[in-house]
Amino acid sequence: MSKMIVPTYTYKLMDSGVRRSDGACIPEAESNRDWKMYQEWLAEGNTPEPQYTEQELIDKAQSEEIGQLRDELRNVVTGQFEMMLELFKLLKQFTDCTNADVDPAILEKAQAWTQKLARLKEIS
Amino acid sequence: MAKLSLSNIGPMDNFIINGDMGIWQRGTSFATIASAAFSADRWEYQKSAAVVHTASQSSDVPTTAESNHESTYSLLLDVTTADAAVGSTDYASLLYSLEGVDTTPLVGHSITLSFWVKATKTGTYCISFNNKGDTKSYIVEYTVNTTATWEKKTMTLTLPSTDTWTADTTASLRIYFTLMAGTAYHNSADTWVSGLDLATSNQVNACDSTANDFRLAQVQLELGTRASVFKSRLTAQELALCQRYYQRLGLVANSPFGAGSLISTTTFIGHMPFIVSMRTSPTVTDTGNFHVRAAAGTLTASSVSFGGSRPEAVQIEATVTGATAGQGGTLRSSDANAYIEAAAEL
């Protein structure tokens, strides 16, 4: 029987199996018909694309780095809020004052820090 | 998860899955259907010719009075680009493939194929029974007597036990419903012949006019020499049998596919079990927009891929931004157009 008219695909290597140009992820399984078609494609002398292009590797590394930096920044900001609130408490202790004695602007800032700290902990 | 195939769900009257054309997981209309593509579940279109068909679900079915069975749908092949000049290697057909495990009970026995057909083009058509190794064919002719009229056809043959039929989960018996075949695929009727042939020289060209329609319904393959009235299975049972070969999940906004965890700030890894065990490790494809729902919120997935495919489950990997490593999450569809399909067709 002559070859069927089927769409022409290209393939890209994955950790396991290959990804076809239509987006299908094909496992390395002898009884999978798409894997068989891939084997036939290879036998015709074709070569799959690498898993990642050079640019994709750079983008991936940058993306990971940005994520790590964001985590570190979040930790720094959280630490600063905690430190400021601690200082505020200590200041009240040493001066033996209550909230009523504190400048309302400072009190407002302290409340904002408390809320921001709670929110940061919630989403971290 | 239990493995599901015809051979382990009890005594069967019909060895054809979805012979009643009731299951259409991929959609209901396929314009310019490609060769090797499926329309109704389990029914594959094959061609090597200039003809172009639209395959679709048709509500034109044999009446209950005619067939003693109430069908809802038939499978329609409508010629949209005609091919009047049949080249020697041209062909067009509908193909049904049985697994080895489901062919084994038929080997060495008489089998009877029955179906209802409604075709514009009258004359001689052929059915070809083949083994997967393409080393043997058995061609049977039937006649469409009246244009655009439902007619029941039956044929009986014996699957020789001397031939090698696979007995595993790979393809074994294949049945071609031929619409057109060039001389390269012609051979004699009613005898096992060598090679893969599809028709006799009497086969009409049912693809020679855009006026041509070909409808197929109530396809039944039974042990023995008698064609009984078509018997359908429960819809849930038929669907589960189809899902051994193809599953489509999603098509609802926020449909969950699999739970997992964010292993870095950009990568989600999850586990997606299949509805029933599939025939083999399937090919898995995502279509549409997806997101990961995690404690940090809704993280848009810029890409989704699948690895470690097994008949029971597959690993999902999604690329996201703004994730917090270590959090749990679930991959979900972002709208009603997104879906994931797994295919383990023969």
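Buried means under 20% relative accessible area. I note that cut-off before opening this predicted model.

**Entry: Gln203(B)**

I looked up Gln203(B) and found this residue in the loop between β12 (192-194) and β13 (213-223) of chain B. Is Gln203(B) buried or exposed? Its relative accessible area is 9%, so I put Gln203(B) down as buried, the limit being under 20%.

Next I checked what the side chain reaches. A polar atom of the Gln203(B) side chain lies 2.8 Å from the backbone nitrogen of Cys126(B). The side chain of Gln203(B) also reaches the backbone oxygen of Thr178(B), at 3.3 Å. I then listed what Gln203(B) touches, leaving out residues up to four places away in sequence. Thr124(B), Tyr125(B) and Cys126(B) are among them, and so are Thr178(B), Leu179(B), Met180(B) and Ala181(B).

**Entry: helix α1 of chain A**

I moved to α1(A), residues 33-43. Which residues of this helix are buried? I noted Arg33(A), Asp34(A), Trp35(A), Tyr38(A) and Trp41(A). Their cover includes β1 (11-13), β2 (18-20) and β3 (25-26) of chain A. Chain B takes part too, with β2 (37-38), β3 (44-48) and β17 (283-287).

I checked both ends of the helix. At the start of α1(A), a side-chain oxygen of Asn32(A) comes to within 2.7 Å of the backbone nitrogen of Asp34(A). Just after α1(A), Gly45(A) has a positive phi of about 100 degrees.

**Entry: a hairpin in chain B**

Last, I looked at β18(B), residues 290-294, and β19(B), residues 297-301. These strands run antiparallel and are joined by five bridges. They form a hairpin with two residues between them. I traced His291(B) across to its bridge partner in β19(B), Thr300(B).

Terms used. Residues are numbered from 1 along each chain as its sequence is written. Chains are lettered from A and ligands numbered from 1 in the order in which they are written. This is a predicted model: local features need pLDDT of at least 70, side-chain atom pairs count only at pLDDT 80 or more; totals for chains, interfaces and linings use all residues. Side-chain values use heavy atoms; hydrogens and water are left out. Buried means under 20% relative accessible area, exposed over 50%, partly exposed in between (1.4 Å probe, protein chains only). Helices (H or I, at least four residues) and strands (E, at least two) are DSSP runs, numbered from the N terminus. Contact means heavy atoms within 4.5 Å. A polar contact is a pair of N or O atoms within 3.5 Å; within protein, one must be able to donate a hydrogen and the other to accept it, and residues adjacent in sequence count only if both atoms are side-chain atoms. Two strands pair if DSSP finds at least two bridges between them.
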